[in-house]
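This report walks through chain contacts and helix packing. Please keep the sequence and the structure open while reading.

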Amino acid sequence: MGEFAVELRDVVKKFITPEGSELAAVNHVTMQIRHGEFFSMLGSSGCGKTTTLRMIAGFEWPTEGEIYIDGVAMGHTPPYQRTVNTVFQSYALFQHMNVFQNVAFGLEMEGVSKDETKKRVGRALEMVQLTGMDRRFPKQLSGGQQQRVALARALVKTPKVLLLDEPLGALDLKLRKEMQLELKALQQELGITFIYVTHDQEEALTMSDRIAVMSLGRVLQMGPAVEIYERPTSRFVADFIGESNFLEGKVKSVSGDQAVVVIPAWNEDLTGIAMTQVKVGDDVAVSIRPEKIRLTEDARIKENCIEGSVVSSTYIGSDTHVYLDVRGQRVKVWEQNRISTLDPRAYYQKGQKVWLSLMMENTLVLPRD
Amino acid sequence: MSEKKPPVWLRVYTFIAYLYIYIPILILIIFSFNTMKLNVRWQGFTLSWYNVLFHDSQVLLATRNTLIIAFVSTIVATIIGTLAALAMQRYHFPGYNASETVMYIPIVIPEVVMGIALLVFFVMIKFTLGLVTIALSHIAFNIPFVALVVRARLHGYDKSIDEAAMDLGANEMTTFWRVTLPTIMPGVLSGALLAFTLSLDDYVITYFTAGPGSTTLPLRVFSMVRFMVTPEVNALSTIWVLIVFIVLLIGQIAQSRRA
Amino acid sequence: MTTAQATEKSVKKFSLLKVFRESRVAQGLLLISPANIYLFLFMILPLILVTVLSFLSRGTYGDVVFQFNITNYTRLFDPLYGKIFIYSLEVGLATTVLSILIGYPLAYYIARAPARQRSLLLFLILVPFWTNFIIRIYAWIMILRAGGLLDAFLEWAHITQHSLNLLYSPTAVLIGMVYEFLPFMVLPLYTSLEKIENSILEAAADLGAPPWRVFLRVTLPLSVPGMIAGTILVFIPAMGMFVIPDLMGGAKTILIGNVIRNQFLTARDWPFGAASSMILMLLTMVFTLYYTRKAGFGEELLV
């Protein structure tokens with residue numbers, strides 16, 4: 001067994017656009033995916049995540065670099081000789097075959113005996129809770145059921161790695177949430193490596209052991225959900241995952257992993273954690289998540305505390321979204337509604353003066369990009 | 001479009017239009033049972049013209065020729081046309097636009113021009129006119145029609161189902177036979193049906209490329225119609241209309257079953 | 001293994017099959033080549049031969065003499081042929097216009113019918129279209145000829161005692177042509193009318209347009225692609241038609257199609273016939289180019 005389930009070494013994929021120019025859909029991507037890991041590639045459309053997945057499946061070949069599956073270099077190995085299987089965004093069920101025939105197709109290609117096929121298809125259908133549906137045709141199934149057939153069809157092959165290309169994209173929100181948990185449970189039960197492509201950050205955060213955030217064909221950051229969210233290393237990642245307030249500034253002094261940043265707009269210094277190597281004089285962006293700012297009636301701490309006035313306040317159930325004007329800069333703060341009350345005074349009012357506490361460990365200093 | 005009720009005048013008009021389309025055909029059928037040879041008015045009921053028809057050796061020979069040509073040209077044109085449709089819908093290659101333009105030739109060039117061109121060609125290469133030249137010509141005008149029909153069906157074909165097959169272990173050939181072809185089969189069949197009827201129906205190109213002894217049904221009907229009007233032609237027409245009607249009906253039912 | 005080694009390995013395993021599997025261009029070419037070769041041999045090459053032939057001359061015994069000249073074309077300027085060309089154009093245009101006038105309301109009705117009726121109505125349009133066209137002409141001969149069914153009907157209804165003598169007249173040719181080509185107009189018109197979404201018509205009505213203005217300003221313009229496709233499908237075969245004039249027009253009605261046919265089969269002046277074909281082809285090609293430039297080939301042509 002190779003060290004990694006899947007490894008990409010400096011992979012580049014170039015396409016010729018219809019206008020004739022060259023476009024690198026995947027630009028020097030290196031990643032190592034461990035055995036049994038739930039790994040997600042997250043990014044907006046056109047970031048290269050699907051192309052990367054398709055290269056692992058063998059539908060595309062890298063222009064440069066190499067992909068290893070279980071330690072074996074893939075080169076131009078066609079998809080049908082790879083030990084990975086794919087669940088497609090469109091499900092890609094064979095319309096002229098019933099559920100049983102769809103799921104059995106992959107086993108038939110392997111030359112598995114009829115009895116064995118029957119047993120394994122039955123087990124796979126049981127796993128996705130479709131027992132008794134084997135004579136139905138794809139057209140007679142709901143979207144969620146079709147999705148399960150697609151999953152069973154790939155899983156029945158007992159692949160080393162299962163590739164999933166936005167498999168829940170076409171489902172409605174409630175079903176999607178259910179399937180997320182089910183997929184995660186299934187993955188843990190089977191111990192198969194999942195490589196999951198999605199543009200839905202919540203989905204990625206919920207399910208993944210590790211996430212690769214991609215943009216413009218490059219991997220910007222790779223790590224567990226908590227790391228990606230709490231310790232983004234770039235402004236793009238901080239902005240793409242969740243929400244954040246950004247303030248532009250210049251590094252004034254550095255000590256250890258702490259940096260003091262001058263914010264010209266506020267004429268004030270903020271102390272934060274430097275996420276990358278910075279030196280005095282660097283242009284940086286300071287990022288603070290809206291739920292990590294505390295609002296108080298008066299100044300509680302000496303450092304990183306500043307006064308602002310409420311511009312608007314929106315009650316959204318679990319939270320109240322407060323938008324403030326702080327010396328000409330717009331800052332958003334999510335306040336949790338911890339106390340149940342109808343008293344309007346308990347919520348923030350327009351024009352109200354409040355103090356914002358930006359705690360040092362919540363204040364991240366990021367390179368300006 | 002809307003399912004609101006159309007105005008009365010439009011419904012009356014449509015009714016009359018359908019009468020206009022069907023009255024000539026109904027007349028054909030009714031007068032195939034007429035005892036009067038001159039067939040100008042109704043005299044009495046008889047089936048004798050069908051008897052005459054079934055003993056008309058020239059009609060029988062023409063029928064045999066027509067069917068041979070239709071079957072051969074349909075099979076060949078469907079294969080070549082389907083491959084061309086696959087190529088044009090899924091691949092890009094040098095000469096793509098030229099290949100595509102050629103597919104429109106039978107639509108934009110009058111049949112008579114195609115007919116004389118093929119006649120000139122066969123005479124120049126000293127190819128004896130007969131069943132073979134007719135079949136070769138029918139294949140030529142049928143390829144583009146099959147390709148157009150199949151291509152229309154391929155439009156919107158989800159390529160990931162082919163990828164899914166390969167992903168599950170099927171190589172290119174297996175994928176084509178087990179997945180691609182069954183999926184586009186309805187399109188291929190309607191292309192084949194169109195080719196078959198175009199071949200059955202063709203008069204002009206057949207006229208120029210036929211030789212002695214290779215008379216087809218349309219040619220035979222033409223000469224019968226030209227020289228006399230007898231209920232035998234009506235009998236032949238009735239059978240023809242009936243067969244077409246049944247074949248189309250089966251096709252229609254099969255299609256609505258699938259949907 | 002580094003990238004360089006990997007490439008080396010794939011170079012070593014070089015085989016024709018592998019190259020073919022990896023080259024989409026090669027696959028595409030393989031699929032298209034049967035059609036390309038066949039159509040080159042049995043469509044393009046014959047058309048090239050006709051082009052060449054149109055510049056040669058006729059020998060004394062109806063044979064072809066390899067002597068380049070353009071007299072075949074200059075002969076076409078003879079008023080006799082000029083008249084035939086103009087008459088053919090007139091018949092082609094009249095057939096097209098009549099097909100639009102008769103076919104449009106029909107297509108409109110079918111497109112607006114409930115979905116289930118729609119397929120039946122279309123099916124009924126298709127049935128005669130799939131039956132042999134000489135049979136359809138024959139039906140009209142029965143109806144139109146002197147003492148035929150129309151005359152008998154008119155006499156029976158006491159409308160007129162005299163024969164209308166319609167067969168073997170230009171009117172008969174037109175009747176035959178329109179009957180023949182009507183489905184070719186109705187189907188593409190239907191396709192483009194059917195695509196018009198109800199919400200668009202409702203939007204127009206909502207903005208204050210009365211039904212007739214909705215039709216003129218929205219429905220009609222949106223059905224232009226269908227009309228153009230139908231026009232191409234009707235006008236071109238109508239221009240080259242010689243069977244209907246032969247059977248229904250008698251000796252009086254001669255179209256270009258008849259001229260071409262006669263040069264090849266009775267007069268045996270092939271070069272002149274070829275030249276006539278070239279002009280006919282040129283006319284229809286200019287016509288198609290003009291119209292497709294305006295609208296482009298739509299799926300309407302593919303019905």
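Axes are lines fitted to C-alpha atoms, for helices over the stretch in contact, and the angles between them run from 0 to 180 degrees between N-to-C directions. The model is predicted. Two packed helices are described by the angle between their axes and by the distance between the axes.

**Helix packing in chain A**

Start with helix H2 (residues 99-110) of chain A and helix H4 (residues 143-155) of chain A. Their axes come within 7 Å and cross at roughly 30 degrees. Angles under 35 degrees count as roughly parallel. H2(A) and H4(A) are therefore roughly parallel to each other. The crossing of H2(A) past H4(A) is right-handed. On the H2(A) side, the contact uses A:Val99, A:Asn102 and A:Val103. On the H4(A) side, A:Val149, A:Ala152 and A:Arg153 take part. By class, the residues of this contact are 4 nonpolar, 1 polar and 1 charged.

**Helix packing in chain C**

How do the axes of H5(C) and H9(C) cross? Helix H5 (residues 79-112) of chain C meets helix H9 (residues 170-194) of chain C at roughly 45 degrees, and the axes come within 6 Å. Angles under 35 degrees count as roughly parallel and those from 65 to 115 as roughly perpendicular, with the rest between them oblique. H5(C) and H9(C) are therefore oblique to each other. Their crossing is right-handed. The contact of H5(C) with H9(C) holds 23 nonpolar, 4 polar and 1 charged residues.

Another pair in chain C is helix H7 (residues 133-144) and helix H8 (residues 149-156). Their axes come within 4 Å and cross at roughly 40 degrees. C:Met142, C:Ile143 and C:Leu144 of H7(C) touch C:Leu149, C:Leu150 and C:Asp151 of H8(C). This contact of H7(C) with H8(C) divides into 5 nonpolar, no polar and 1 charged residues.

The axis values are set out here.

| Helix pair | Axes come within | Crossing angle |
|---|---|---|
| H2(A) and H4(A) | 7 Å | roughly 30 degrees |
| H5(C) and H9(C) | 6 Å | roughly 45 degrees |
| H7(C) and H8(C) | 4 Å | roughly 40 degrees |

**Chain C against chain B**

Now turn to the chain contacts. Chain C gives 93 residues to its contact with chain B, and chain B gives 92. About 8,600 Å² is buried between chain C and chain B, and carbon and sulfur atoms give 78% of that area. Three residues stand out on the chain C side. C:Arg112, C:Trp130 and C:Tyr138 supply 10% of the area that chain C buries against chain B, more than any other three residues.

How many salt bridges cross the interface of chain C and chain B? The rule finds 1. The side chains of C:Asp246 and B:Arg226 form a salt bridge, at 3.5 Å from N to O.

**Chain A against chain C**

Here 9 residues of chain A contact 6 residues of chain C. The buried area between chain A and chain C is about 580 Å², with 49% of it from carbon and sulfur atoms. The salt bridge count between chain A and chain C is 0.

**Chain B as a whole**

Chain B has 12 helices and 0 strands. Its C-alpha trace spans about 70 × 60 × 30 Å along the principal axes.

Terms used
Residues are numbered from 1 along each chain as its sequence is written. Chains are lettered from A and ligands numbered from 1 in the order in which they are written. This is a predicted model: local features need pLDDT of at least 70, side-chain atom pairs count only at pLDDT 80 or more; totals for chains, interfaces and linings use all residues. Side-chain values use heavy atoms; hydrogens and water are left out. Helices (H or I, at least four residues) and strands (E, at least two) are DSSP runs, numbered from the N terminus. Angles under 35 degrees count as roughly parallel, over 145 as roughly antiparallel, 65 to 115 as roughly perpendicular and the rest as oblique. A crossing is left-handed if the near helix is turned anticlockwise from the far one by less than a right angle, and right-handed if clockwise. Ala, Val, Leu, Ile, Met, Phe, Trp, Tyr, Cys and Pro count as nonpolar, Asp, Glu, Lys and Arg as charged, and the others, Gly among them, as polar. Contact means heavy atoms within 4.5 Å. Buried area is the accessible area (1.4 Å probe) that two parts lose on being put together, summed over both. A salt bridge is a side-chain nitrogen of Lys or Arg within 4 Å of a carboxyl oxygen of Asp or Glu.
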